[in-house]
Amino acid sequence: MIKKVVTLACAGVVLAAAGGVAYADASGIFLKDTDAAKLLVNKYMESVMRSYRGEENVSFRGIVREGCDFWYYNDYNNDLIYNVSVNGGNAEKADYYVTFGSIDYSDRVYTVEARIDQQVKFKNCDETLESSCLHTFIIEQNGRNMYITNDISDGTDKILAPAE
């Protein structure tokens, strides 16, 4: 009788542990990777800087979730940045620096707050244009894949244009 009770107790512990693991996996705890979310923000900013440098075929595939509003926003702004860069004589320098603030994770969605500092120097322009802007990136996780679905900023200087 004692053997049956011990066996049932052990089985209960195993089932409870398995239930906890299944719940944790369903809520995405095992997939949480804040370093990957930071890397994704850096990949996004590198693509933006490539646009300033006037490089062709800048793509946000694998970075921004296709079909969301933010995907179309990037297509439009990539064309705009490219045209501004070409009209300004291409950027000879386009650098950025990200200072990460808080990173929240809930229900497979990251909310990444960061300050983005940009420095862009166009050829034939004496000054280096600088911008510092707070951003909140919304990143959705689908399995091991992550995609940016929005970039909410304080509205200042998202696109730098050469001085007239």
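Reader: Y44 and F137, buried or exposed?
Author: In this predicted model, both Y44 and F137 are buried.

Reader: How many aromatic pairs are there?
Author: The count is five aromatic pairs. Among them is Y44 with F137, an edge-to-face pair with 5.9 Å from centre to centre and 70° between the planes.

Reader: Where do Y44 and F137 sit in the chain?
Author: Y44 is in helix α2 and F137 in strand β3 (residues 129-142). They are 93 residues apart, so the pair links distant parts of the chain.

Reader: And which aromatic cluster holds Y44?
Author: One made up of Y44, F60, F70, Y73 and F137.

Reader: Other pair, then. What is the geometry of Y105 and Y110?
Author: Tilted, with 4.6 Å centre to centre and 50° between the planes.

Reader: Why does Y105 count as buried?
Author: Because its relative accessibility is 17%, and the cut-off for buried is under 20%. Y110 also counts as buried, at 0% relative accessibility.

Reader: Changing topic: where is V41 found?
Author: V41 lies in helix α2, which covers residues 34-52. V41 is buried, with a relative accessible area of 0%.

Reader: Which residues does V41 touch, leaving out those up to four places away in sequence?
Author: V98, F100, V112, F137, I139 and I148.

Reader: What separates the C-alpha atoms of V41 and V112?
Author: A distance of 8.7 Å, with the two residues 71 apart along the chain.

Terms used: Residues are numbered from 1 along each chain as its sequence is written. This is a predicted model: local features need pLDDT of at least 70, side-chain atom pairs count only at pLDDT 80 or more; totals for chains, interfaces and linings use all residues. Side-chain values use heavy atoms; hydrogens and water are left out. Helices (H or I, at least four residues) and strands (E, at least two) are DSSP runs, numbered from the N terminus. Buried means under 20% relative accessible area, exposed over 50%, partly exposed in between (1.4 Å probe, protein chains only). Contact means heavy atoms within 4.5 Å. Rings of Phe, Tyr and Trp (its six-membered ring) pair if their centres lie within 6.5 Å; planes under 30 degrees apart count as stacked, over 60 as edge-to-face and the rest as tilted.
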